[in-house]
Amino acid sequence: MDTIKLQKNNTLMVAHRGLSGLERENSIKAFIAAVNRSYYATECDIHLTKDKVFVICHDDHTRRVSNYDVLIKDVTFEKLNKIRLNGFNSQEEDRYLYLPTLQEYLDLHKKYQKKCVVEVKCPLSDEEVDMLLEQCQEYLDLIIFISFNIDNLIKIRARNKDIPIQFLTSKYDDSLIPILLQNKFDIDINYQELNKERIDAFHANKIIVNAWTINDKLVAEKLIEAGIDYITTNILE
């Protein structure tokens, strides 16, 4: 099995949770698979452990991706680091099958000069936002922050007026563009909410448009033709 190739024109491709169509999502294996291909960026999801280490996992628990069920916020990094993720087959070696730290993720992408789309999953206090930005300081030229939690994004914007930020949303409504303009955000939206008219409206307001999560080649090609800026995908390339 390999990625599904398509003509991208000027659209930039983002590997969702790494190349999660081929490797365990949000694992170092998935990120390595992506950075060695033509993707512009990978997307990851971050949570905080009990002892304030940013780790990469989509859910706030480990039960979907491992044989263990722990809440990330309730355990130390030392305990979490002992958990091995389930691979795509039972014989898969587990060297890279663990929950990576944000630091490992950033270092890998700096080495390969790939962009990092970092989804902040958990609500962050002011102190935790400061801690996040301090950790990311030397990588800011590579990072785009995204979140469904608009308060997280507002706190990040208050501390950095220039870093790219995309507001994640499942739904389109007419209040979106004013909110995005007020906060200097771009948009990362469910692809089913997009058409050429809406993409054009975002672009008329100089708002970059990312669509998640597209795995159908025909759907992707239609949005590429409509001028979409980014496509987030598990398997298209």
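**Entry 1: α3 on α4**

I began with a helix pair: Leu 102, Gln 103 and Leu 106 in α3 meet Leu 132, Gln 135 and Cys 136 in α4, where contact means heavy atoms within 4.5 Å. The residues of this contact split into four nonpolar, two polar and no charged. For the classes I count Ala, Val, Leu, Ile, Met, Phe, Trp, Tyr, Cys and Pro as nonpolar, Asp, Glu, Lys and Arg as charged, and the others, Gly among them, as polar.

A note on what I'm reading: this is a predicted model, with local features needing pLDDT of at least 70 and side-chain atom pairs counting only at pLDDT 80 or more, while totals for chains, interfaces and linings use all residues. Residues are numbered from 1 along each chain as its sequence is written, and side-chain values use heavy atoms, leaving out hydrogens and water. Helices (H or I, at least four residues) and strands (E, at least two) are DSSP runs, numbered from the N terminus.

Then I looked up the geometry: α3 (residues 102-112) and α4 (residues 126-136) pack at about 30°, with axes 11 Å apart. That makes α3 roughly parallel to α4. My axes are lines fitted to C-alpha atoms, for helices over the stretch in contact, with angles from 0 to 180 degrees between N-to-C directions. Under 35 degrees I call roughly parallel, over 145 roughly antiparallel, 65 to 115 roughly perpendicular, and the rest oblique.

**Entry 2: α1 on α3**

I turned to the contact of α3 with α1 (residues 28-35), where the axes come within 11 Å and cross at roughly 15°. So α1 is roughly parallel to α3. I found Ile 28, Phe 31, Ile 32 and Val 35 of α1 meeting Glu 104, Tyr 105, Leu 108, His 109 and Tyr 112 of α3. By class I get seven nonpolar, one polar and one charged.

**Entry 3: α4 on α5**

Next up, α4 and α5: their axes come within 10 Å and cross at roughly 60°. That makes α4 oblique to α5. Asp 126, Val 129, Asp 130, Leu 132 and Leu 133 in α4 touch Lys 155, Ile 156 and Arg 159 in α5. The class count here is four nonpolar, no polar and four charged.

**Entry 4: α6**

Which residues of α6 are buried? I read off Leu 176, Ile 177, Leu 180 and Asn 183 for this helix (residues 176-183). Buried is under 20% relative accessible area, exposed over 50%, partly exposed in between (1.4 Å probe, protein chains only). Down the axis these residues fall within an arc of 145°, so they line one face of α6; the arc is that of the directions from the helix axis to the C-beta atoms. Their cover includes α5 (150-159), β6 (165-169), β7 (186-190) and α7 (196-204).

In α8 (residues 217-225) I have Ala 220, Leu 223 and Ile 224 as buried. They cover an arc of only 105° around the axis, which puts them on the same side of α8. They pack against α7, β8 (209-212) and β9 (230-233). Leu 218, Lys 222 and Glu 225 are exposed on the face turned away.

Last, I checked Lys 8, in the segment before β1 (12-16). Lys 8 is partly exposed, at 22% relative accessible area. Its C-alpha is 7.7 Å from that of Glu 221, 213 residues apart along the chain. Leaving out residues up to four places away in sequence, Lys 8 touches Met 13, Ser 38, Ile 224 and Glu 237.
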